[in-house]
Amino acid sequence: MKGRKRLNIPKNILFNLYVSQCLTMEKVAKKLGCCAATVYLHLLSCEIPIRGKSEAIKGSRWSLEARLKFSKAYRGKNSHMWKGGLTSYTEQVKNSLEFRLWREAVFARDNWTCQKCRRRGGDGKAIYLHSHHIKSFSKYPDLRFAIDNGITFCRDCHNKFHKLFGRGEKSGEEKLKDYLIINWGG
Ligand SMILES: [Zn+2]
Ligand SMILES: [Zn+2]
């Protein structure tokens with residue numbers, strides 16, 4: 001992201017504010033001078049459990065404003081081109097704020113570029129981006145929203161990967177490494 005300072009909140013500070021002092025995400029954000037979406041993403045990437053329903057409901061209040069801010073900050077040519085297609089995910093998960101934030105964060109980290117063929121949208125070409133779970137979604141529920149567990153593929157490269165390696169356990173990390181370094185032709 002050009003000219004944008006990427007805030008890096010140390011885990012111990014986040015833990016102290018959010019867990020030890022039990023502040024809400026909004027209050028943590030205020031203290032750190034960032035927005036709630038940033039705190040949210042850091043909580044996810046530090047694997048600090050997000051507190052229960054009451055905050056999630058409150059969260060939906062900030063989320064409108066924060067998401068607007070977030071999508072402005074993270075707007076890439078393709079960030080809104082994603083169109084479903086991961087049929088093994090439940091609708092509920094796909095539509096969850098966590099999932100959408102996770103996906104956006106994975107795309108942003110990968111600069112909206114397919115990590116296999118290196119295509120990026122632009123020049124009038126539409127590239128549909130997918131976020132793929134490196135460690136399987138079903139086997140590793142704790143890593144579902146870990147940004148490090150996601151990788152950006154275009155739709156073609158994503159489909160091809162699963163065609164070659166299937167889904168779940170057998171399409172794990174090792175296969176992904178093979179997929180990224182070997183030219184599979186076609
Ligand atoms: Zn690709
Ligand atoms: Zn996948």
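## Helix packing, confidence and a loop glutamate

The axes of helix 2 (residues 25–32) and helix 3 (residues 36–45) cross at roughly 105° and come within 8 Å. Here axes are lines fitted to C-alpha atoms, for helices over the stretch in contact, and angles run from 0 to 180 degrees between N-to-C directions. Helix 2 and helix 3 are therefore roughly perpendicular to each other, a label for angles of 65 to 115 degrees. On the helix 2 side, Met 25, Glu 26, Val 28 and Ala 29 meet Ala 36, Thr 38, Val 39 and Tyr 40 of helix 3; a contact means that two C-beta atoms, placed from the backbone, lie within 7 Å. The residues of this contact divide into six nonpolar, one polar and one charged, where Ala, Val, Leu, Ile, Met, Phe, Trp, Tyr, Cys and Pro count as nonpolar, Asp, Glu, Lys and Arg as charged, and the others, Gly among them, as polar.

Please keep in mind that this is a predicted model, in which local features need pLDDT of at least 70 and side-chain atom pairs count only at pLDDT 80 or more, while totals for chains, interfaces and linings use all residues. Residues are numbered from 1 along each chain as its sequence is written, and chains are lettered from A and ligands numbered from 1 in the order in which they are written.

Stepping back, the protein has eight helices and two strands, in the order α-α-α-α-α-α-β-β-α-α along the sequence. Helices (H or I, at least four residues) and strands (E, at least two) are DSSP runs, numbered from the N terminus. Of the 186 residues, 26% are buried, that is, with 20 or more other C-beta atoms within 10 Å of their own.

The mean pLDDT (the predictor's confidence in each residue, from 0 to 100) is 75, and 70% of residues reach 70 or more.

| Element | Residues | Mean pLDDT |
|---|---|---|
| Helix 4 (lowest) | 53–73 | 49 |
| Strand 2 (highest) | 150–154 | 95 |

Over residues 56–62 the pLDDT is below 50, and this stretch has four contacts beyond near neighbours in sequence. Residues 71–89 also stay under 50, with 33 contacts beyond four places in sequence. Where pLDDT is low, the predicted coordinates should not be read in detail.

Finally, have a look at Glu 169, in the loop between helix 7 (155–165) and helix 8 (173–181). Glu 169 is exposed because 11 other C-beta atoms lie within 10 Å, and exposed means 12 or fewer. Beyond four places in sequence, Glu 169 is in contact with Ser 136 and Lys 139.

Definitions and conventions: Parallel < 35°, antiparallel > 145°, perpendicular 65-115°, else oblique.
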